Protein chains: 2
Amino acid sequence: MESSGNGVVGDHTTPVDKEVDFANYFCTYAFLFHQKEMLSDRVRMDAYFNAIFENKHHFKGKAVLDVGTGSGILAIWSAQAGARKVYAVEATKMSEHARALVKANNLQDVVEVIEGSMEDVTLPEKVDVIISEWMGYFLLRESMFDSVICARDCWLKPTGVMYPSHARMWMAPIRTGLGDHKVDDYESAMDDWGCFVDQTKTDYGVDMSVLTKPFSEEQRKYYLQTSLWNNVHPHQVIGTAAILKEIDCLTASVSDILKVRSKFALSITTENTKLCGFGGWFDVHFRGRTEDPAQQEIELTTAPSTDYNTHWGQQVFLLHPPICVNQGDDLSVSFLMVRSKENHRLMEVELGCEIQQHTGKLLAPCKNKFYIE
Amino acid sequence: MESSGNGVVGDHTTPVDKEVDFANYFCTYAFLFHQKEMLSDRVRMDAYFNAIFENKHHFKGKAVLDVGTGSGILAIWSAQAGARKVYAVEATKMSEHARALVKANNLQDVVEVIEGSMEDVTLPEKVDVIISEWMGYFLLRESMFDSVICARDCWLKPTGVMYPSHARMWMAPIRTGLGDHKVDDYESAMDDWGCFVDQTKTDYGVDMSVLTKPFSEEQRKYYLQTSLWNNVHPHQVIGTAAILKEIDCLTASVSDILKVRSKFALSITTENTKLCGFGGWFDVHFRGRTEDPAQQEIELTTAPSTDYNTHWGQQVFLLHPPICVNQGDDLSVSFLMVRSKENHRLMEVELGCEIQQHTGKLLAPCKNKFYIE
C-alpha cells in the first residue's frame, strides 16, 4: 500500500462528525505558516485594519467577539481601537499562540482568548460587535459563516454590529489558457491508462478495461470539473460581471446560504474572443448597521485586479471546449451551488449557460457540473 | 480564512476514531488513480505475481483471504492460481470497482468482494492463506499490519500460510544533496518571517516577534525533521546496511510493532565523504511456513537500486549539518520509532548516532527527532 492525498467523509443530511471536521478542516489553521499567509494578504489586512481604526466609535468601550481569531490579529486591533473587552474564540491550538501574541502586545487585560468551537463557547455577556474573517474561496467554501451566524444569534446584542456587515458573490465570463492545459493533462492521463491496461493484460493476465470508464470519470472530475484557484487578470474578463448572491450578515440564516441559486444575464464586451469559462469572486463591506452606521464604509474585494491580488484569488469554472463569442452576445446563466454530501465545507456547482449572439442566433445551451474542493 | 493542506487529530492512548481514520486514511485508496500507481509498480507486481504463480500448491483448492484488496488484483491472481474461494476485503468504495473487475475476468464464482473494515468482517470459514499488500513507507507507516494481524488471529487456520511471511526494516548511512536544499528552504522561510514581523509592526502596529520561536520550530519540523521520500542511488550509500527489525508475519503481535527499538552498528565503506543522513527501507519474503514451505521463495525489496525503483522509494532522515567521515569509521546507531500521538498511522523517530573514527577518535554523539508524515 502507500498512497498520497486525502479525502473526506460525512453526510450533510446527518449531523457533522466533529472529530472528522476537526481532522479535515480546523487543523490546517493550527499552522503558523498558514496564519502568516493570511496575515501577509495586504488587501485583507488593510480592509480589516481600516474598517476598525476608521470606525473606532464602534469599538471604544465596547464588548467585541472575534469568531475564529487565529493568530488573534482582529482581536488585538479591536482592543487597540479601544474595546473594553474582546472575546477571541479559536477552535485550534493556534489559541495558545494568540494568547502569547496578546500578552506580548500588552493587551491581556482586554483580550480573552478562548479555545473551543464557537458553537460550544459560553460568554459572560452579550457583545456590541462581532468581527470575523470567515470568507472562504468564492465566499462560502469552508461554510464558516455558519459559526458566525451561530455566534450572532447567541451573543450579539439587539443593537450590535457585524464586521463585515454585507457580502456578495460575483461572476463574469473570462478567457484563459488554463482549459487547454487541463484537457492536455486529462488526455495524457487517459493515454497512460490505455498503456497500463494493455500491459496489465499482457504481463499479469488481468483485463482492467472494465475500469476505463470509472477511471475516465475520476480523471474528468479531477482535471476538468474541479474549479481552479487563479489570479484572473482584468484583461481576461471579457464581459460584464453579475452579482449572484447578496448576504446581509446581520439577518442571514444558515438556510439562506445552504443553497445559492441564481439566474443572471451577462454581456460579452470584447470583440471576437473565446468564452473559456467563468470567474467567481466575492466582496464584503463594513457598513455598520442602519441605526449605527460606519463613519467610513470599507470594502474588501477579491475581484480581478492588476494591482491588488488576494490569497483568495478567483475561482475559475472552465468550459470544455471554449465557445467563440463576440461583443454584444448575451449570456443567460443559471447557477446552483450546494454543499458536498461528503463534506459540508466543500461545494458542488451546476452552471448552465445559454448564448444569444448579437445577430439574434441562439446557440445550443450547455450545462456543466463543477466541484469546489 | 482559507488555507490549504490537511492535518490529523487523535490520540493513540484512546481508541481510534473510526470516522476520522476513514477520512484521513482509507479515502486515499478510494481513487483509481492511486490504485493505478500501485498496480504500475513492477517490483511490487512481479513479487506478488511470482509469489502466487510459483507457489500454486498454496492456492490450489484452498480458501484465501485478501486483506485490503483495493482493485482486487491479489484476489484475482489467487483465484487464477486455483483457489477454491477468495474473500477480498476492502474498506473503501474501491470494493465496487474490485467487484466489477472480478466479474470482467470471469472469477465471480470464486472471488467474493466484501466491503468493510477487516476488524468488522465475518467470514463463513477459516482460510488457508492470508495475502495482503499492507506495507507502508519504511514498512510500518499506515499501521495496516494491525489489520492483517487481526485477520490472522481470527481467520487463519492453524496450518495456514501468510503472504508475505516475513518482513525486515533496513537502514544505511547515505550522502545526499537534499539536506542543503532543505536548509536553504528553512533559512529562506525564516528570512521571510523576519520581513513579515518588521512589516506587521510598522504597518499594522502589532509586534509578532513572540511567535518567531514557535514559527521556527514549526518550520524546522517541516523542512528539517520530516523524513523524505527519495529514490536513493546505490552510489549514495556510503557504508554497510543493518537490519533493525525482523517480523515473522505468522507470529508477530501488535505489541511487537507498536515500538521499534534497535541498536546497531554501521561501518563507513567510502573514502573521505560526508554522512548526510540515513536511508531506511524494507523487504518482505514469501517463504510459506516451516511445515508447508514455498516451492520458490520470493523476495520483494525496496533497497536502493539502479534498476528497480518502487513507489515506496526509501525514507531519508537527514543530519544537519552533515558529518565528515572516512572509510573504516564505525557508527553506533540507536533507533526508536513510535506511532504519532495525533495519528496512529504516522510515525515519530528518535535517531542517535555515535561515530568512532578509524583513528580511534570518538566524535560528539548526535541525537535527532524525525517525523514520518
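Over residues 184-355 of chain A, the chain is 22% helix and 45% strand. The end C-alpha atoms of this stretch lie 26 Å apart. The model is a predicted one. In the UniProt record, an unreviewed entry, residues 184-355 of chain A carry the annotation "domain: Protein arginine N-methyltransferase".

The relation between the chains was examined next. Chain B is superposed on chain A by a rotation of 180°, with 0.0 Å of shift along the axis. The RMSD of this superposition is 0.0 Å. Such a relation is that of a two-fold axis. Both copies use the same surface, since 100% of the contact residues of chain B recur in chain A. Which residue of chain B comes closest to the rotation axis? That residue is B:Val20, with its C-alpha at 2.3 Å.

Chain A contains an open sheet of 4 strands. Their order is β9-β13-β14-β15, and the pairing is antiparallel. Strands β9 (259-267) and β15 (366-372) of chain A stand at the edges. Each has a single partner strand, so one side of each is left without a neighbour in the sheet. On average, neighbouring strands of this sheet are turned by 20° against each other, direction ignored. Within the sheet, β9(A) pairs with β13 (residues 330-339) of chain A in the antiparallel sense. This pairing runs over 9 bridges. One residue pair can be picked out here: A:Ala265 has A:Ser332, in β13(A), as its bridge partner. In a regular strand, side chains alternate between the two faces of the sheet.

A hairpin is found in chain B. It is formed by β10(B) and β11(B), with 2 residues between them. Strand β10 spans residues 273-289 of chain B, and strand β11 spans residues 292-301 of chain B. The two run antiparallel and are joined by 6 bridges. In one of the residue pairs, B:Arg289 has B:Asp292 of β11(B) as its bridge partner.

Empty space was then considered. Rolling a probe the size of a water molecule over the atoms shows where such space is left. The second largest pocket holds about 470 Å³. Its lining counts 21 residues. Of these, B:Val16, B:Asp21, B:Glu119, B:His344 and B:Arg345 are the closest to its centre. Three helices of chain B, α1 (18-24), α6 (145-155) and α9 (254-258), each supply at least two residues of the lining of this pocket. Which element gives the most to that lining? It is α1(B), with 4 residues.

Several points of backbone geometry complete the description. Most residues other than glycine have a negative phi, and most peptide bonds are trans. In chain A, a cis peptide bond joins A:Tyr163 and A:Pro164, with omega about 0°. A:Pro164 sits in the loop between β5 (156-163) and β6 (166-174) of chain A. In chain B, the peptide bond from B:His320 to B:Pro321 is cis, and its omega is near -5°. B:Pro321 belongs to a strand, β12 (residues 314-325) of chain B. A:Asn106 is a residue other than glycine with a positive phi, near 60°. This asparagine, A:Asn106, is found in the loop between α5 (94-104) and β3 (111-115) of chain A.

Notes
Residues numbered from 1 in each chain as written. Chains lettered and ligands numbered in written order. Predicted model: local features only at pLDDT ≥ 70, side-chain atom pairs only at ≥ 80, totals over all residues. Heavy atoms only, no water. UniProt positions renumbered as here; feature names shortened; annotations may be inferred. Least-squares fit on C-alpha atoms with pLDDT ≥ 70 in both. Contact = heavy atoms within 4.5 Å. Pairing = 2+ DSSP bridges. Axes fitted to C-alpha atoms, helices over the stretch in contact; angles between N-to-C directions. 1 Å grid on protein atoms, 1.4 Å probe; cavity = no way out; pocket = protein on both sides within 12 Å on 5 of 7 lines; lining within 4 Å. Points joined across faces, edges and corners; volume = space filled by probe spheres on them.
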